[in-house]
Amino acid sequence: MRIGESVLRPDGPAKARGDFVYSSDLRVDGMLWGATVRSPHPYARIVSIDTMEAGAMPGVKAVLTHQDVPGRNLYGLEIEDQPVLASEVVRYWGEAVALVAAEHPEQARRAAEKLRVEYEVLQPVTDPDYALTSDAPRLHPDGNITRRVKIRHGEADPTADIVVKGEYEIGMQDQAPLGPESGLAIPDGEGGVDLHIATQWLHIDQKQLAGVLGLPPEKVRLTMAGIGGAFGAREDLSMQAHACMLALKTGRPVKISYSRTESFVGHVHRHPGRLIYEHGANRDGRLVYVKARILLDGGAYASSSTAVIANASCFAAGPYRCPNANIDGMVVYTNNPPCGAMRGFGSVQNCYAHEAQMDKLAEALGMDPVELRMRNALETGDEMITGQVIDGPVPVAELLRRVLSMPLPASGEFSGRAGRVLDGLVPQGEGGDVELTSRPGGVSNATHGESVVRGVGYAVGFKNIGYSEGFDDYSTARVRLSVADGRPRVEVHTASAEVGQGLVTVQAQIAATEIGVTDVVVLNADTRVGSSGSSSASRQTYITGGAVKAASEAVRERVLELAQSELRAASGLRIENDAVVDAVGNQVIALATLLGDAVIDETREFRPRRTHHLDPETGQANAHMQYAFAAHRAVVDVDTELGLIKVVELATAQDVGKAINPIAVQGQLEGGAAQGLGLAVMEEIQVKDGVIRNASFTDYLLPTILDMPPVRMDILELGDPNSPYGLKGVGEPPTISSGPAIVAAIRAATGREITRVPVRPHDLTL
Amino acid sequence: MEFFQPATWAEALQMKAAHPEAVPIAGGTDVMVEINLDHQRPAAIMDLNRIRELAEWERYDGMLRIGAGVTYTRLIDELGDRLPGLAMASRTVGSPQIRNRGTVGGNLGTASPAGDAHPPLLATDAIVELASTSGTRHVAIHEFFTGPKRNAMRKDELIAAFLVHPATGPQQFSKVGTRNAMVIAVCSFAVSLDPTHRSVGTGIGSAGPTPLRAPRAEHFIEDVLLDENLWNRKAEVSASALKRFGDLVARAAKPIDDVRGTAAYRRHALAVLARRCMTWAWNDYRLAA
Ligand SMILES: Cc1cc2nc3c(=O)[nH]c(=O)nc-3n(C[C@H](O)[C@H](O)[C@H](O)COP(=O)(O)OP(=O)(O)OC[C@H]3O[C@@H](n4cnc5c(N)ncnc54)[C@H](O)[C@@H]3O)c2cc1C
């Protein structure tokens with residue numbers, strides 16, 4: 001249970017067996033079901049809403065519209081621009097317009113169909129470049145630019161020996177958590193409400209709900225329900241306010257659980273982007289400048305767009321030394337689906353661009369692409385394009401060196417040689433499943449080796465850990481030591497979200513390590529304890545881990561003080577294996593004996609070092625508090641005639657500072673790479689005229705086990721002097737450079753200049 | 001919603017006659033998705049899983065008569081040697097769970113242009129056996145598909161079985177999807193060689209309003225094989241003939257642009273699949289000697 005040991009998740013068996021209670025499994029006697037009426041138009045004025053017919057449907061207990069919002073009908077993570085229920089205008093396809101609660105979910109759905117909304121349909125703004133023009137309708141009072149980030153570093157007009165340019169386009173990825181948005185709101189009969197909810201940040205939900213419901217925060221209590229994945233999709237409110245409104249109105253518990261299709265409109269997505277780049281370098285390969293124009297489509301509402309564009313801009317040049325930079329990052333409002341947080345948070349889009357540019361530059365220079373990267377790799381003490389001098393370990397070159405030196409997978413029997421038809425014979429009636437699974441197209445029997453060419457590609461990426469730009473980043477932990485059944489037991493209580501990343505073991509490991517007690521229980525998260533911030537930005541092990549560490553140290557100090565005062569023992573006491581021991585490890589007293597009925601209960605807040613807002617004109621600031629780096633090598637087989645892809649292997653090296661739970665770290669490196677692979681070769685929400693055309697898992701394709709290769713991992717623990725245990729955030733870097741490495745490998749295999757992801761078969765063949 | 005659960009085939013036909021609106025359910029891998037997505041709210045459902053005859057297959061007048069309720073998994077295990085093309089297609093359907101439940105009868109019932117069983121059935125001239133209280137009729141597979149997700153079955157009919165000749169020569173099936181498993185075809189192709197009759201059958205999936213055959217491609221390659229005495233010589237088919245075969249298959253398709261792919265890509269890919277499948281099948285034939 002100590003830090004550094006691989007600890008299995010306590011919820012693993014229940015999840016594998018199907019016993020785990022997710023938020024969508026919640027139920028309580030007498031509960032109603034809520035359904036949401038959504039806009040069929042991406043942009044329209046609401047002329048009228050008629051609830052009569054819906055209200056008269058069987059089983060219906062309430063029909064609510066914007067007029068029923070008790071508090072302020074606006075919310076948002078950074079800008080309050082989104083109505084809980086649309087009032088005058090709908091700005092995206094699927095925007096919530098009204099709510100129904102009924103005895104049975106089917107009754108609620110049928111009643112929702114009977115709600116009559118008269119719309120005056122408007123021409124939607126669906127092109128982010130058009131949204132910038134003065135012709136475009138203003139979708140929000142302050143115009144269509146949600147935020148512009150300017151980075152001006154070094155000389156204004158630098159010149160270079162070699163210049164390469166490129167334009168890149170990134171499709172809209174979905175977090176696709178398997179658990180749909182769902183929760184249960186229970187009115188307390190005194191005007192307040194208890195919400196059981198799967199969310200990434202209980203307290204930000206609470207704060208927004210209090211505003212929307214017109215209640216003081218203490219009347220809106222939240223308890224974490226089982227989370228079926230998040231990846232950024234649960235940072236914004238979805239059904240939270242709706243369920244609470246219906247519960248308060250009807251006086252009965254109300255459950256809302258989205259269908260898969262509804263989930264696709266019920267949460268924000270990864271921003272699609274258009275990126276225009278120019279790199280200048282000297283003949284020896286040293287970067288002189290990077291110019292970039294990054295345009296992200298934020299969709300109808302701001303969500304966390306302003307922070308996403310900051311990341312996309314700050315890290316636009318990649319983890320390279322670059323004396324001059326001119327970056328214009330813009331995120332705009334359109335009538336497309338709203339976009340916000342997703343694993344990698346702005347650092348994914350630009351990594352595709354800067355890594356493609358580095359490969360282009362290497363080619364223009366006649367230099368090896370990895371060598372070029374190492375030559376420009378950021379090092380400790382370097383100044384970044386934001387003017388921040390980067391401290392702590394910055395192992396960019398080392399990570400590249402490590403993935404470069406890993407052995408390559410044996411070139412498959414069918415790889416790299418076209419037309420070896422007879423070798424590929426499939427025995428009649430067999431389909432040759434075993435061999436097929438290793439080929440592009442997999443079980444579809446598309447190639448027996450014909451036209452399969454292997455490519456190898458490299459990429460490296462980085463991002464910030466924790467909140468940035470002056471946002472108050474902190475977490476609260478309460479640690480309680482008592483004796484239960486004759487044994488000392490520690491309870492750890494935080495409001496942090498276990499989204500599958502493994503925070504549950506991390507908290508227990510830290511408490512067990514710091515207090516020396518073997519029995520540690522992590523309580524379910526709720527708002528009875530202070531905020532822990534969100535499970536995002538790869539920050540919880542650092543920040544909530546830091547808070548648990550601080551509270552555990554406080555508990556330990558009190559135990560040792562107690563031991564010293566009770567026993568008049570010498571100093572140098574420690575706690576080990578449920579006992580107080582002396583300097584040489586001999587037991588002084590069992591903890592259970594020492595404590596008796598006493599309870600030691602400590603709450604601590606933890607804050608990392610402060611960050612600062614980007615200068616609006618120059619983008620210069622110490623805006624971020626920690627950086628994490630990873631490098632990937634991808635080996636890919638491409639069927640060049642059909643454009644089908646088999647990623648043969650991903651290799652990665654990542655500095656995690658200190659692996660608190662190594663097996664969980666491995667899980668993050670694999671899972672994060674799978675998500676990166678998804679964006680590279682298949683995952684895309686296809687939006688046409690503002691309407692999602694593939695809002696289901698039939699056509700929004702996620703990688704299967706036959707798409708995701710084994711991951712060769714080299715996990716470095718270089719120790720960050722500023723963080724608890726020297727750890728670094730782990731969760732996002734695997735998602736950043738994995739996809740760009742795959743695309744580089746596809747380029748190597750096909751010789752095609754690929755400028756758009758996901759890479760589609762027709763991009764490689766027509 | 002009404003729920004019928006006939007225990008015998010005769011009972012099923014009577015129920016269907018009395019309640020033509022009842023939606024039959026076999027594996028439910030299409031029906032349940034439709035209901036869950038709220039695309040369909042059937043007034044009545046008729047569960048066919050109790051009917052033993054539907055889950056059986058037998059030899060019948062030189063053909064195989066395979067009950068509509070035989071699952072993909074059983075097809076692969078029990079008939080893979082006699083129906084290699086259909087077995088290859090079956091292996092590409094969904095996941096093991098879907099193959100354990102899903103049936104060819106259900107695939108025919110849905111009649112999606114992307115149904116994976118259809119191309120091999122077209123390539124082998126299968127026959128669909130439809131039944132009602134007023135009798136049984138046999139519909140040739142190429143007349144069975146009447147439009148996108150429409151077929152020749154009447155409201156009072158059920159699919160009893162399909163009939164197909166056991167393979168006399170090599171068969172192949174190949175599909176393109178943008179994922180390496182569990183994917184609906186962007187396009188697919190099946191070929192069947194019949195050395196006894198010196199004929200070649202084809203089937204195209206997911207590239208037209210219905211599954212299609214490519215008659216001109218069939219005739220072309222049959223002529224090449226005969227003219228050059230290749231069936232006897234067991235020599236290679238020229239690269240140019242294989243390419244032409246692929247091009248003719250592509251020309252037979254009537255694809256559209258949709259979320260899964262573009263029409264242009266579908267034609268392109270079909271030409272490649274057809275050429276490859278024909279090459280593999282022909283090499284199997286040559287080597288089998
Ligand atoms: C995750 C998933 C993956 C899938 N992947 C594929 C794939 O790769 N390829 C593919 O082709 N399909 C795929 N499908 C679709 C489906 O599995 C197939 O179409 C399957 O063949 C349907 O068979 P079933 O027995 O489940 O049909 P059901 O769902 O029971 O029925 C389908 C239709 O046929 C009718 N029907 C069934 N039996 C009869 C009968 N005896 N007489 C008259 N009508 C009848 C039903 O009324 C209904 O209209 C997938 C489905 C899912 C859920």
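The following legends describe close-up views of a predicted model. Local features require pLDDT of at least 70 and side-chain atom pairs pLDDT 80 or more, whereas totals for chains, interfaces and linings use all residues. Residues are numbered from 1 along each chain as its sequence is written, chains are lettered from A, and side-chain values use heavy atoms, without hydrogens and water.

**View 1. Residues of chain B around the ligand.** Among the 32 residues around the ligand, those that come nearest are B:Pro24, B:Thr29, B:Asp30, B:Tyr72 and B:Thr103; a residue is near if one of its heavy atoms lies within 4 Å. A ligand oxygen atom lies 2.5 Å from a backbone N or O atom of B:Pro24. For B:Asp30, a side-chain N or O atom is 2.6 Å from an oxygen atom of the ligand. A polar side-chain atom of B:Thr103 is likewise 2.6 Å from a ligand oxygen atom.

**View 2. The contact between chain B and chain A.** Chain B contributes 41 residues and chain A 49 residues, contact meaning heavy atoms within 4.5 Å. The two chains bury about 3,600 Å² between them, 53% of it on carbon and sulfur atoms; buried area is the accessible area (1.4 Å probe) lost on being put together, summed over both parts. On the side of chain B, B:Arg179, B:Asn180 and B:Arg276 lose the most area to chain A, together 21% of what that side buries.

**View 3. A salt bridge between the chains.** The side chains of B:Arg276 and A:Glu641 form a salt bridge at 2.9 Å, N to O. Six salt bridges are counted between chain B and chain A (a side-chain nitrogen of Lys or Arg within 4 Å of a carboxyl oxygen of Asp or Glu).

Definitions and conventions
Polar contact = N/O pair within 3.5 Å; in protein donor to acceptor, adjacent residues only side chain to side chain.
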